[in-house]
Amino acid sequence: MNNYKNSSEGAQIMDNASNIFNAIPQQLTEEGFETLLRSEHVRIERIVSRGHITPVDQWYDQAWDEWVILLQGQARLHYHADDRRINLDSGDYVLIPAHTKHRVEWTLPDVDSIWLAVHLY
């Protein structure tokens, strides 16, 4: 999505601006994941869901914290430990601590749900 160059201090600098709502595939047979930025301690990705869910018997159990905001659409997260469900609308965000088993239980079937996920290592 972006082209980067290194500054004299070694930091990555974007060559140009991009729009998170652009370049979304017409056909999405699976949820779409795109890394926008990666460093030693952070990975930022765009996730596009169009009715996609985590398989019923599968749980994410990540070794790092993940902060996620739903920029567009609607979704429902399901937490394993307390069987809690959180409904998300555009603009809602959550912090999912490391080793918190969770899954995406529902997203709108005919509308792109666009997430911005920040993985903190």
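Where is the place of Val48? Its place is in strand 4 (residues 42-49), strands being DSSP runs of E with at least two residues, numbered from the N terminus.

The model is predicted, with local features needing pLDDT of at least 70 and side-chain atom pairs pLDDT 80 or more, while totals for chains, interfaces and linings use all residues. Numbering runs from 1 along each chain as its sequence is written, and side-chain values use heavy atoms, without hydrogens and water.

**View 1. The whole chain.** The chain has ten strands and zero helices, a helix being a DSSP run of H or I with at least four residues. Read along the sequence, the pattern is β-β-β-β-β-β-β-β-β-β. The C-alpha trace spans about 50 × 35 × 25 Å along its principal axes. Contacts are heavy atoms within 4.5 Å. Among contacts with a separation of 6 or more, 62% join residues 24 or more positions apart.

View 2. Val48 is buried, with a relative accessible area of 3%. Leaving out residues up to four places away in sequence, Val48 touches Ile24, Leu28, Glu31, Gly32, Asp112, Ser113 and Ile114. Phe21 lies 27 residues from Val48 along the chain, and their C-alpha atoms are separated by 9.7 Å.

**View 3. Ser49 and its polar contact.** Ser49 is also found in strand 4. Its relative accessible area is 0%, so Ser49 counts as buried. The Ser49 side chain makes a polar contact with the side chain of Trp115 at 3.0 Å. Such a contact is a pair of N or O atoms within 3.5 Å; within protein, one must be able to donate a hydrogen and the other to accept it, and residues adjacent in sequence count only if both atoms are side-chain atoms. Beyond four places in sequence, Ser49 touches Glu31, Thr107, Val111, Asp112, Ser113 and Trp115.

**View 4. The largest nonpolar core.** This core has 13 residues. A nonpolar core is a set of buried Ala, Val, Leu, Ile, Met, Phe, Trp, Tyr and Cys residues joined through side-chain atoms within 4.5 Å. Val68, Leu77, Tyr79, Leu88, Val94, Ile96 and Trp115 touch the most other members. Strand 5 (65-72), strand 6 (74-79), strand 7 (85-89), strand 8 (93-96) and strand 10 (113-120) each give two or more residues. Strand 6 gives the most, with three.

**View 5. Ile96 and its contacts.** Ile96 is in contact with Trp64, Asp65, Glu66, Val68, Leu77, Tyr79 and His102, leaving aside neighbours within four places in sequence.

Technical notes: Buried < 20%, exposed > 50% of the residue type's maximum accessible area, 1.4 Å probe, protein only.
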